[in-house]
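Hi everyone, thanks for coming.

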Amino acid sequence: MPKPSCLLQRPLRGIIPPLVTPLSGPDRLDVPGFEKLIDHVLNGGCSGVFVLGSTGEAPALSYQLRREVIQRACDRVSGRVPVLVGITDTAVVEAVRLGNVAAECGASAVVSAPPYYFHLGQADLLRHAEILTREIELPLFLYNMPQLTKLSYEPETVLEAAAIPGVVGIKDSSGDLMYLNRVLRLLREKPDFTVLIGPEELLAQAVLLGVHGGIAGGSNAWPELFVQLYNEAFRGNLDGVRLIQRRVIEASERIYRLNDEPTSYTRGMKCVLGVLGICSDLPASPLAPISAQDRETVRAHLAVIDAIPT
């Protein structure tokens, strides 16, 4: 019998952190750290949590560990806010299995990017959404992440998908505000369809355009800051937005770009949480453990970021 979940607000508004997956070793969850992280973001005023996304390194985790993450997240949140679960997979049957685990554990919705590897057409992407909503008893958010999947939901496809029973929103991580604006225009007759943005440096601009909220990686570390930024943008307070945005941009420049490695964002975000004493900073294999030098660099950057007034 599925556990009760937190009712999903339509549209879902606010800041929903894409939680990192703290690890204590290969294929082992840092359970105390994960629970502390969840409490940290909820105490910061976030409107939900999103597990097993890109920031959560989901494709690098075993299915067994992914199931444990879902179970422990739902147990710790305990219905306080919606729990969104990433189920992206190259095999539809595995996505469905994970979605059913999410339903059994009491999650509120699932999130899926297109199956990456093969080049799929827009009709294939719609068929994928239809299969997931038919086989999983949870609402579905589309996840537009063309940088990693090499596939993108065309705005017209998003509109068609919004007519599928069970498809309730989209998280767009393309970083393309023109694309986002086209999606919003097409969906203007569907006010309960949630549109969320991923890239946090664009959060304020996107909210001013009409986006309902953000799945911002930085809210793992600074939940209050991102909730404040969202609230100021939602109210249209441009002076407040400009002030808070300074810290957000500084974090993006300093923390997520420790070096030229393509994994710098993941390692930087985890390193921040380790330095703050929230959870383990071990990245998923095959990434190397974070060095002592990187920790000291992050520690110095945090001092600069925290000194910026908001």
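Predicted model: local features only at pLDDT ≥ 70, side-chain atom pairs only at ≥ 80, totals over all residues.

The chain has twelve helices and ten strands. Its C-alpha trace spans about 50 × 45 × 35 Å along the principal axes. How does the radius of gyration fit a compact globule? A compact globule with 310 residues would have a value near 19 Å, and the chain has 18 Å, so the two agree.

The contacts are worth a look too. Take the contacts with a separation of 6 or more: 75% of them are accounted for by residues 24 or more positions apart.

Now, the surface. The chain exposes about 13200 Å², and carbon and sulfur atoms supply 53% of that. As for charges, there are 29 positive and 34 negative ones, and their mean positions are 2 Å apart.

Okay, let's go inside. Of the 310 residues, 55% count as buried. The largest nonpolar core has 93 residues, and the ones touching the most other members are Leu-52, Ile-70, Val-85 and Trp-222. Which helix gives the most to this core? That's α3, residues 92–105, with seven residues. There is also a second, separate core of 14 residues, which includes Phe-50, Leu-84, Leu-196 and Ile-215.

Leaving aside residues up to four places away in sequence, Trp-222 touches several partners, among them Arg-247, Tyr-256, Leu-302 and Asp-306.

Last part: the backbone. Most residues other than glycine have a negative phi, and most peptide bonds are trans. Here come the exceptions.

Where are the cis bonds? One runs from Arg-10 to Pro-11, with omega near -5°, and Pro-11 lies in the segment before β1. Another joins Ser-285 and Pro-286, with omega about 15°. You'll find Pro-286 in the loop between α11 and α12.

Then there's phi. Glu-57 isn't a glycine, yet its phi is positive, about 55°. Glu-57 sits in the loop between β4 and α2. Lys-150 also has a positive phi, near 65°, and its place is in the loop between α5 and α6.

So are these two buried or exposed? Glu-57 has a relative accessible area of 8%, so with the cut-off for buried at under 20%, it counts as buried. Lys-150 has 59%, and exposed means over 50%, so Lys-150 is exposed.

Definitions and conventions. Residues numbered from 1 in each chain as written. Heavy atoms only, no water. Helix = DSSP H or I, 4+ residues; strand = E, 2+ residues; numbered from the N terminus. Rg over C-alpha atoms; globule rule 2.2 N^0.38 Å. Buried < 20%, exposed > 50% of the residue type's maximum accessible area, 1.4 Å probe, protein only. Contact = heavy atoms within 4.5 Å. Areas by Shrake-Rupley, 256 points an atom, 1.4 Å probe, with all protein chains shown as cover. Lys, Arg positive; Asp, Glu negative; His and termini not counted. Charge placed at Lys NZ, Arg CZ, Asp CG, Glu CD. Core = buried A, V, L, I, M, F, W, Y, C linked by side-chain atoms within 4.5 Å.
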